[in-house]
Amino acid sequence: MAALSSTLVTWMMVVLLSSTFRAMSSSDHHQASCETPYSHGIAVDQGDKDLIQFAVNLEFLEAEFFLFGAFGYGLDRVAPEMPMGGPPPVGARKANLDPLTQNITTEFAYEEVGHLRAIKSTVGIFPRPLLNLSAQNFAKIFDEAMGYHLEPPFNPYRDSLSYMMASYVIPYMGLVGYVGANPLLVGYKSKRLLAGLLGVESGQDAVIRTYLYGRAEEVLRPYNHTVAEVTVKISELRNRLAKCGIKDEGIVVPPQLGAENRSETNILSADFDSISYSRTPAEILRVVYGSGDEHVPGGFYPRGGNGRIARGFLSRN
């Protein structure tokens, strides 16, 4: 009988505690606020739309590159509402990836679909521009970076390391573009969107750079150059094309370019104060067009980018 009474008391205590926790949870739910206290004023300014929509050009590029690299198909199959009738990319295909790189690429691909959806719902998007994701286009970029014709031509879809080397070329431009746009935004919704996009873009770039840093001394086959050497050459090329000084660094740097001038490790590219570099739309177009001129399309965008900012440069050509 005593044992039964003890069991009954224990059970009642459990019920009482459970009820108390539920009440506390319910009370917290009603009292706690999860909304930002700064949601006032302008939500999205017209200028905000232009700046964020400019980035749609890069989001389309990343989405198609990662989707095709992971699956062998792109937005027209995964999110057919996003291209809005824009032409399919040229030359994109499935990459020969190991399980780790496949998983990374798959996650990046779906993240880019989400980015396009978030931008579309906040400021709207435009039809996908014509994109050149062919092995030949990447080969041209790597030839120009290295200063001579690589033989055989560089192929980003050849293997995992080649694909991640090619990935080094792309997300960083979105990162520095968002940093550059940030202080120009007015609306609170615009700022929240950009901050969220920037967080993930910078994360993607950090993953790529860490992946490559772990292989810094590995030779990029079939060429006689280490991974570190190639990243330095690509960053130097982007600096030359953008024409605005050093805003891009490889995964290994001399100490004078490292954090506090004390590090040769450069997993994150940043300035003397370890603040991310920023670029203007004109700088970005000079790089992704491969022409060094925001008025002359080419490279990843044979017909140029879309949106008011990109088309505005083309109209002045």
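## Aromatic cluster

Phe65, Phe66, Phe108, Phe138, Tyr157, Tyr163 and Phe300 are linked into a cluster by ring pairs. Rings of Phe, Tyr and Trp (its six-membered ring) pair if their centres lie within 6.5 Å; planes under 30 degrees apart count as stacked, over 60 as edge-to-face and the rest as tilted.

This is a predicted model, in which local features need pLDDT of at least 70 and side-chain atom pairs count only at pLDDT 80 or more, while totals for chains, interfaces and linings use all residues. Residues are numbered from 1 along each chain as its sequence is written, and side-chain values use heavy atoms, with hydrogens and water left out.

The structure holds 11 aromatic pairs. In one of them, Phe65 and Phe138 have ring centres 5.4 Å apart and planes at 35 degrees, so the pair is tilted. Phe65 belongs to helix 2 (residues 46-71) and Phe138 to helix 5 (residues 135-146), so this pair ties together parts that are 73 residues apart in sequence. Helices are DSSP runs (H or I, at least four residues), numbered from the N terminus. Phe65 counts as buried at 1% relative accessibility, and Phe138 counts as buried at 0%. Buried means under 20% relative accessible area, exposed over 50%, and partly exposed in between (1.4 Å probe, protein chains only).

The rings of Phe71 and Tyr73 have centres 5.6 Å apart and planes at 20 degrees, so that pair is stacked. Phe71 is partly exposed at 22% relative accessibility, and Tyr73 is partly exposed at 26%.

## Arginines over rings

Arg77 lies over the face of Tyr73, 3.9 Å from the ring centre. Arg215 lies over the face of Tyr211, at 3.9 Å from the ring centre. A charge sits over a ring if NZ of Lys or CZ of Arg is within 6 Å of the ring centre and within 35 degrees of the ring normal.

## Helix 9

Helix 9 (residues 227-242) has 16 residues and should span 22 Å at 1.5 Å a residue; its end C-alpha atoms are 23 Å apart, which agrees. The expected span is 1.5 Å times one less than the number of residues. Buried residues of helix 9 include Val227, Ile234, Arg238 and Leu241.

The buried residues of this helix pack against helix 5, helix 6 (160-167), helix 7 (171-181), helix 8 (188-213) and helix 10 (281-288). Lys243 follows helix 9 and has a positive phi, near 65 degrees.

## Gln102

Gln102 is found in helix 4 (residues 99-122) and is buried, with a relative accessible area of 18%. Leaving aside neighbours within four places in sequence, Gln102 is in contact with Ala70, Lys94 and Leu97, where contact means heavy atoms within 4.5 Å.

Terms used: Helices (H or I, at least four residues) and strands (E, at least two) are DSSP runs, numbered from the N terminus.
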